[in-house]
Amino acid sequence: MSAVVYMDNNATTRVAPEVVEAMLPYFSELYGNPSSMHTFGGQVGRAIEEARGKIAALLGAGPDELVFTSCGTESDSTAILSALQANPEKRHIVTTRVEHPAVKNLCESLDTLTGHKHRITQLPVNSDGTLDLKLYEESLSDETVIVSAMWANNETGVLFPIEEMAAIARSRGILFHTDAVQAVGKIPIDLARTPVDFLSISGHKLHAPKGIGVLFVRKGTPFAPFLIGGHQEHGRRGGTENVAAIIGLGKACELAARQMDEENSRVRALRDKLEDGLLSSIPNAILNGHKTLRLPNTSNISFEFIEGESILLHLDRYGICASSGSACTSGSLEPSHVMRAMGVPFTAAHGSIRLSLSIYNTEAEVDFVLEKLPPIIAKLREMSPFWQGEHKGKTGGAQCRCACS
Amino acid sequence: MNPRNVGQIENADGVGEVGSLACGDALKLFLKLDENERIVEARFQTFGCASAIASSSALTEMIKGMTLDEAAKVTNQDIADFLGGLPKEKMHCSVMGREALEAAIANYRGLPLPMAEGEVVCECFGVTDLEVRRAIEENKLQSVEEITNYTKAGGGCGKCIPRLEEILREVRREAKPLIPDQRPGRLTTIQKIKKIEEVLEREIRPALRKDGGDIELIDVDGDFVIVSLRGACGTCKKSQTTLKEYVEKKLREQVLDTLIVEEGK
């Protein structure tokens, strides 16, 4: 087993060796500009179109419906701001409380960004992270310009019913955007059957390099470019193409299509073994998120009465890479907004650990984590003033009145 | 990570407990004293990140062998120094250590908690103004961000940030006279509405009336000024231009440069 046990694939993934190999020529001999008139550059343009075709095939989209961007965040911003420009008279946006900051913070900054006042509805989620479709339907109005809801949650892996949600929005004449950064490559997606108008992809979440994203824009959807410049991407996104990364993403999508079954059988089985093992061997461990309506690779577990960052540091000593929704790791002083939206109690929210697998993980690695993690939890609990052996947590939380939600 | 002195002390002479599960970190400190009030044993239990655990461990190592009077002089900076420094956003871990020590001493002496006497400023993390004032004075803090790093106050919902700014000004003013605050944007809503009405009456309305239009103030919500265009302006295609290029510009010049004028529906 290698020195690093990488179980943080929702943060980023290893670039597949096949992807690296496909990219290499575009860093050296094939350096032409795809927009050039000469054959030398033109051949690069053709390679880009080939890559576009592979990405379109994975999604069930038309190649001309894809716009290359620099990352998932750019795709999200482009989609939402484009919808606002197309319908300047509508000022209501529906989104959810568990969105990635790329959507959440953008929506919360729209007023200052555009100089207009917007009404933002952030839909709540159930305690298992799922969405109430009835609440969603009720939130839509004639003023609603766009709905933006993630396909799969990055922290819990919980899936939203995007097909139904998009169909409802369409029937009301409302544009629909989904941040599918965590879903693409992990679960089958068919845009021919899913009436979304915009869909965001990030390359580095599916074994392509960082610095490449895609925005799917359905044919006929009103569109305004975010980066204005040259005629690249048919005028939909200025800036010279990130050629090597585009070629890499094409290859990664080809691999993802081929490995989709493995992701949903072998990786799912590994995840389940890991999750069941941890939940059964560690007391006061709670699964965060719906058990089945979930990505096959993600497991988010809270270990009560201890703090996530100290768990991560102990795991790190064994080379095990994971992440946490605790305050110390969320970059603020409060647990992650996803844990809070799900109403995970404070006893558990600070001790949440996310393990996210990929096809590169092995059963030996899962066994290694199953061996190392339980003693770490036990050691930290011995140190915790709230863990009293059999006594289930003499909590002091009540004295800290939290005015915020 | 191998913290020292983890655990409880049976029949401890002093026990100090600070923080809570909700706050994300908590520390329980146990002290055992000899007949001269010298600390012979110190143990801790901590719920928190690595810095919190390290601060707790450092604290127990530092105070062993000290008399209570000596221990009472230990500051959060001493704890941070013992660890060879802490990242600035983790300084509150050292503050927690110091407060647990104070709580344990108060517990032994049968005194009330010194810092708990103050007014609770940050409800999210239960921080009092006394804690904030002391952190500012001792660590020479200059901004609300630094206050949050040291005490966590203001790091939750953020509702107390204006109050923290006030306390910071008060404490710094005592430390050295500050140049009076001349920042704009210090208007109350009532003052804002009054000024907006004045400008509307004095300049904007007369100008619009010349073209057969009129304007009415509907609401002021933060920086948003909601108005309604009446008369000829109500049907004029250029009304949006009028609103942004003329009304908003005038109000920004004369009331507040962050105002945004919108038409109410």
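1. Start with helix α4 of chain B, residues 91-109. At 1.5 Å a residue, its 19 residues should span 27 Å, and the end C-alpha atoms lie 28 Å apart, which agrees. The model is a predicted one. Of the 19 residues of α4(B), 15 are buried, so the rest of the structure largely encloses this helix. Just past α4(B) comes Gly110(B), with a positive phi of about 70 degrees.

2. Helix α1(B) can be read in the same way. It has 14 residues. From first C-alpha to last, α1(B) reaches 20 Å, close to the 20 Å expected at 1.5 Å a residue. Eleven of the 14 residues are buried, so α1(B) too is largely enclosed by the rest of the structure. Among the buried residues of α1(B) are Ala52(B), Ile53(B), Ala54(B), Leu59(B) and Ile63(B). The buried set also includes Ser51(B), Ser55(B), Ser56(B), Ser57(B) and Thr60(B). Just after α1(B), Gly65(B) takes a positive phi of about 95 degrees.

3. Now the interface between the chains. Here 29 residues of chain B are in contact with 32 residues of chain A. On the chain B side, β2 (25-33), β3 (39-47), α1 (50-63) and β8 (260-263) each supply at least two residues. By class, the chain B residues that touch chain A are 15 nonpolar, eight polar and six charged.

4. In chain A, look at helices α7 (residues 243-281) and α11 (residues 363-383). They pack at an angle of about 15 degrees, and their axes are 10 Å apart. α7(A) and α11(A) are therefore roughly parallel to each other. Their crossing is right-handed. From α7(A), the contact uses Leu270(A), Lys273(A), Leu274(A), Gly277(A), Leu278(A) and Ser281(A). These meet Glu363(A), Val366(A), Val369(A), Leu370(A), Leu373(A) and Pro374(A) of α11(A). The contact of α7(A) with α11(A) has eight nonpolar, two polar and two charged residues.

5. The axes come within 10 Å and cross at roughly 105 degrees. α5(B) and α6(B) are therefore roughly perpendicular to each other. Glu131(B), Val132(B), Ala135(B), Ile136(B) and Asn139(B) make the contact from α5(B), and Ile147(B), Tyr150(B) and Thr151(B) from α6(B). The residues of this contact divide into five nonpolar, two polar and one charged.

6. The loop between α5 and α6 of chain B holds Lys140(B). Check its backbone. Phi of Lys140(B) is near 50 degrees, a positive value in a residue other than glycine. Most residues other than glycine have a negative phi. Lys140(B) is exposed, with 10 other C-beta atoms within 10 Å.

7. Glu233(A) sits in the loop between β8 (213-217) and α7 of chain A. This residue counts as buried, with 20 C-beta neighbours inside 10 Å; the cut-off for buried is 20 or more.

8. Last, Ser127(A). It is found in the loop between β4 (119-123) and α5 (133-139) of chain A. With 12 C-beta neighbours inside 10 Å, Ser127(A) counts as exposed. Leaving aside neighbours within four places in sequence, Ser127(A) is in contact with Met342(A) and Gly343(A). The C-alpha atoms of Ser127(A) and Glu334(A) are separated by 18 Å, with the two residues 207 residues apart along the chain.

Terms used: Residues numbered from 1 in each chain as written. Chains lettered and ligands numbered in written order. Predicted model: local features only at pLDDT ≥ 70, side-chain atom pairs only at ≥ 80, totals over all residues. Helix = DSSP H or I, 4+ residues; strand = E, 2+ residues; numbered from the N terminus. Expected span 1.5 Å × (residues − 1). Contact = placed C-beta atoms within 7 Å. Nonpolar A, V, L, I, M, F, W, Y, C, P; charged D, E, K, R; others polar. Axes fitted to C-alpha atoms, helices over the stretch in contact; angles between N-to-C directions. Parallel < 35°, antiparallel > 145°, perpendicular 65-115°, else oblique. Left-handed = near helix turned anticlockwise from the far one by under 90°.
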